[in-house]
Amino acid sequence: EEELNLKARLFRFDENTKEWKERGLGTVKILRRIVDSQDSLKMAGYRASYRVLMRQEQTLKIRANHQLNTELLLRPMAGSERAWTYATADWADAQASA
């Protein structure tokens with residue numbers, strides 16, 4: 001089930017060059033999945049798992065694919081009124097990267 005759907009530009013921070021690099025422009029969705037009692041977060045009497053999924057415009061390539069959890073810290077980006085930052089393991093390329 002779709003909880004959020006918006007258009008965004010995604011960047012990643014490259015540790016080697018110390019620069020922000022564009023990952024893509026496209027649709028970001030927060031998806032909710034009801035799960036059994038052994039998984040994820042407890043919400044209002046049932047359990048749900050939340051995931052961020054972003055697909056690039058036109059090509060529909062996956063640019064972000066990761067779960068949300070309570071440890072994820074969303075912060076305003078220094079020097080911008082519209083940008084936010086967070087760090088997580090991302091599985092968009094079928095292997096974990098930060």
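Student: What does the accessible surface of the chain come to, and what share of it belongs to carbon and sulfur atoms?
Tutor: Remember that this is a predicted model. The accessible surface is about 7500 Å². Carbon and sulfur atoms hold 49% of that surface.

Student: How many helices and strands does the secondary structure have?
Tutor: Count the elements in the chain. There are zero helices and seven strands. Read from the N terminus, the order is β-β-β-β-β-β-β.

Student: What percentage of the residues count as buried?
Tutor: Burial is judged by relative accessible area, and buried means under 20%. Of the 98 residues, 19% count as buried.

Student: Is His 66 buried or exposed?
Tutor: Check its relative accessible area. The value for His 66 is 3%, so His 66 is buried. This residue sits in strand β5, which spans residues 62-67.

Student: Which side chain makes a polar contact with that of His 66?
Tutor: Tyr 86 does. The two side chains are joined at 3.0 Å. Now look past the neighbours within four places in sequence. There, His 66 touches Arg 51, Val 52, Tyr 86, Thr 88, Ala 89 and Asp 90.

Student: Where does Ala 8 lie?
Tutor: Find its strand, then its partners. Ala 8 belongs to strand β1, residues 2-14. Its relative accessible area is 22%, so Ala 8 is partly exposed.

Student: Which residues is Ala 8 in contact with, leaving aside its neighbours within four places in sequence?
Tutor: They are Gly 24, Leu 25, Gly 26, Val 28 and Met 54. Take Gly 24. Along the chain, Ala 8 and Gly 24 are 16 residues apart. Their C-alpha atoms are separated by 8.4 Å.

Student: How many aromatic pairs does a search of the whole structure find?
Tutor: The search gives one. For any such pair, check two things: the distance between ring centres and the angle between planes. Here the rings belong to Phe 13 and Trp 20, with centres 5.2 Å apart and planes at 65°, so the pair is edge-to-face. Planes over 60 degrees apart get that name.

Student: Are Phe 13 and Trp 20 buried or partly exposed?
Tutor: Compare each with the cut-offs. Phe 13, in strand β1, has a relative accessible area of 33% and is partly exposed. Trp 20 is partly exposed too, at 42%.

Student: Which residues make the nonpolar surface patch?
Tutor: Phe 11, Phe 13 and Trp 20 make it. The patch covers about 300 Å².

How values were computed. Residues numbered from 1 in each chain as written. Predicted model: local features only at pLDDT ≥ 70, side-chain atom pairs only at ≥ 80, totals over all residues. Heavy atoms only, no water. Phe/Tyr/Trp six-rings, centres within 6.5 Å; stacked < 30°, edge-to-face > 60°. Buried < 20%, exposed > 50% of the residue type's maximum accessible area, 1.4 Å probe, protein only. Helix = DSSP H or I, 4+ residues; strand = E, 2+ residues; numbered from the N terminus. Contact = heavy atoms within 4.5 Å. Polar contact = N/O pair within 3.5 Å; in protein donor to acceptor, adjacent residues only side chain to side chain. Patch = residues over 30% accessible without salt bridge, like charges linked within 9 Å, V, L, I, M, F, W, Y side chains within 5 Å. Areas by Shrake-Rupley, 256 points an atom, 1.4 Å probe, with all protein chains shown as cover. Salt bridge = Lys/Arg side-chain N within 4 Å of Asp/Glu carboxyl O.
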